[in-house]
Structures are given as structure tokens and as C-alpha cells.
Amino acid sequence: METAAILFFYLCITLSFVKSASGRNIEWWASDKSISQNADRNPCVEDYSPCNCNDNPSYGLEITCEGVDVLVVRDIFSRTTTNDLFSFQLTVPSPTGGNVISIPADLLNGKRAGNILLNCPFPDWQLAIDADAFRPSSGLTFFFFTAGCDLTLLDFASFLDGFLSLATIFISQSSNVQGIQNLPALPSLDQLIVTYTTGLEKVTDFSGLGNVQLRRLLLNGNQLSDQMADNILNSVASSSSAAGALEMLWLASNQLTRVPTQLTSFSRMIQLDLSNNSFPVLSSGSFSFNAPVDYLYLESNTINSIEPGAFQGDFTRGRIYLRFNSLSRFEEAVFRRLLEQMISATNNDGGLVNLESNPLECGDCHLAWLIRDSPSLLNAVESAVCSDGTAFSALNPSIFADCP
Ligand SMILES: *[C@@H]1O[C@H](CO)[C@@H](O)[C@H](O)[C@H]1NC(C)=O
């Protein structure tokens, strides 16, 4: 039951990734933000039972097979005629013996799918995929997702070989993902997502990451140590084309005890999530961005001290989330420049510093620069509350009258 709930949760997430994974999807997403899954439920002309079929008016057929035997899947696609599906999703059936479930060659009987999603309901089921399982789809598939399986037997290099359109690989809640180190050449790959998954620690060589130009590398929840994160990021940083492509890096909920030093190599990076690690001190130069920052998530990191110069770059529209840390001070030397940039933005799209749930000490003089001397900067400070419960915005400037 719990596994099913988790899978459902991830499938919902997946759905939103699917829907923003290609240009046309983004268009559709943008045109109807209130989309519900029911809004585009349409029966299909052909019968795909025992799989479910939805004819999405914008994208085409979405086929979902729950525990359907792979030979039955083959049968379905031999009797149906639609050649190109928008998505094919299989929750794998029980293994016949042992715990290996094998996806055979040409599962879709010559048909093609833009999105391919494979899920295991039990984490000890090992997924094996024949080199030619999805061969006919190689020119069409742009999104590959798998969740819940043990991936020990997965040979990424063979079954994804020649997938020229593949833009996203998304692996979630899986184990033994180490085979990912042998990715084939994937010229369209721009998003690699591995979350809440084990096995990255068994990867000995990440140099393949230098051969792809990822815009997004999302690695939340993988128990990565500093050394493991270094291995991964060094591989990206060692190739100038790979380093110059990366715009979004997520390393939240890992076991980092310091800010990765490679960040400055990523000249286009604008979205960085390091929340829920543990680095109490942000030293000078920790964050030095070369492109205008979009967001920097640093929440839940036990941060108690930030040195001047920790944040460098254009934060005009940058949102810095420092909530759920242990900051007792909000220092002028760290934040004045940033706040000045943020309030200079036009159209109300300026950046902000969020300080929710920090034990901020307001009883001494260290906030005079802000509350007494530059209260307009408070417009860029969000959820700042003193340890006695008083909001920054409610502090009376006169209490700082005698401060230097
Ligand atoms: C923080 O990370 C740990 C693993 O390092 C995880 O178990 C926990 O759920 C995460 N917390 C949040 C709020 O994401």
C-alpha cells in the first residue's frame, strides 16, 4: 500500500515532468495552468485492454499498463494500428521465477512512444531491458523514466543506444543505478534526474558526463558525500562545453558538509538547490555566479555563519532561501549589496532573501543598518522574525537610535 502510494506520488510528478519535457508541452502547459487529469480524458478508438488508453487531444495516445504480461503487451500492439504513441507506461508484472523482470525485444511491436515509463511495485524486482526493447522508438523517444526497480541488470549503453531525440532520463526511488556510468552518446540529452536512488556511490568513472551537455542535473536524495559530489561535478567541470551548458543543479537532501567548489566553473548556472545538507559556515566566495541568479536554495543546512562575499554575482532577480537555519545575525557586510540589487529590479520581479525560522537576535545594534538606516531594503527581506517573535518590519527604528 505504501509503495503504491509512493509510486502514485512519483507518477504525478512524472506527469508534470512529461508535460514540461518538450517544447510543445511547455506551450500547452503555459496555455492551461489549471489542467486536471480529468480535463483531457478521452476514450480511444482502438481497444488496448487490458491496458488503459487515453486519447489526449493535444498529444495523442497515452497507454498505461498495470502488471500486464509483456507478451500480452506485444499482442496489444500487434492488433492496434496507431504507430506513434505519446506515452507508454508499464508497471511491470510479477517475475515468473526469481526476481528478474525482462523487457523483451520490440515490446511495442514496431510502434513508437515519445515517453517511456517503467515502474516496479516492489523494490527487489530487478529490471532487465533487452537492447532492442524499444529500438523502433529510437528516433522519437524524448523522455525515459523508471522508478522503484533494482537496476543492477540495466545496460543503459545498449537499450538507449542511438536514441537521438532523448532529452530526459529520470530515475527515481531505485537501487543500484551504477550502470548509468555507461550512457551511450545521446546528442539531445539535456536533463539527467536521479533522485532518492542508490548506486551512484558505486560509479567509478563519471567521465561520460563530460560528453553530454546537460542543462539540468538533478541529484536530490542520493546520500551523496562530498567526495562523491566532487567526482560527479569534476567530470562536468572538466569539459568546457559540459560546464558551460549547466543551468540547474540540485543536490538537496544529500550528505554534503561543504559547498561544492566546482560551482564557479558553471558559467550559465542560475538555479542551485543545496538544501537539507549540513554546512554551518558559508565562507567568502562560496557562491559566485556568472549569470543572473534565479534561485539559490540553502534551507535546512544548519547554517549559523555567513562571511562577507559569500554571495557574488547578479542577484537582481535572485531568490535566496535561508529558512530553517541557525542564523542569529543578518549582517550588513553580507547582505546590503544583495538587497540593493534586489530592490532595484523593475516590475516587482526582484529577488529576495527568505529568513523564516532562524533565531535572529535583534536586541543589539547589528540591525541598525537595516531597520534605522535603510528600511526600504526590507522590501527584499521575507519572513524575518526576531527570536523574541517580533517581525523585522515591526521593529521600531528608535530602538537603534543610540547605535553607532
Ligand atoms: C533531508 O535529507 C534526509 C536524507 O539526507 C531525508 O531523509 C529527509 O527526508 C530530508 N528532509 C527533507 C525535509 O527533505
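Good morning. I begin with one aromatic cluster, formed by Phe287, Phe289, Phe311, Phe315, Phe330, Phe335, Trp369 and Phe392. Rings of Phe, Tyr and Trp (its six-membered ring) pair if their centres lie within 6.5 Å; planes under 30 degrees apart count as stacked, over 60 as edge-to-face and the rest as tilted. By this rule there are 17 aromatic pairs.

The model is predicted: local features need pLDDT of at least 70, side-chain atom pairs count only at pLDDT 80 or more, and totals for chains, interfaces and linings use all residues. Residues are numbered from 1 along each chain as its sequence is written, and side-chain values use heavy atoms, with hydrogens and water left out.

Let me turn to one of the pairs. Tyr297 and Tyr321 are stacked, at 4.9 Å centre to centre and 25° between the planes. Tyr297 belongs to strand 15 (residues 295-297) and Tyr321 to strand 18 (residues 319-321), 24 residues apart; strands are DSSP runs (E, at least two residues) and helices likewise (H or I, at least four), numbered from the N terminus. Tyr321 counts as buried because its relative accessibility is 10%, where buried means under 20% relative accessible area, exposed over 50% and partly exposed in between (1.4 Å probe, protein chains only).

Next, Phe311 and Phe335 have ring centres 6.1 Å apart and planes at 40°, so this pair is tilted. Phe311 lies in strand 17 (residues 311-312) and Phe335 in helix 7 (residues 332-343), so the pair ties together parts 24 residues apart in sequence. Phe311 is buried, with a relative accessible area of 8%, and Phe335 is buried too, at 1%.
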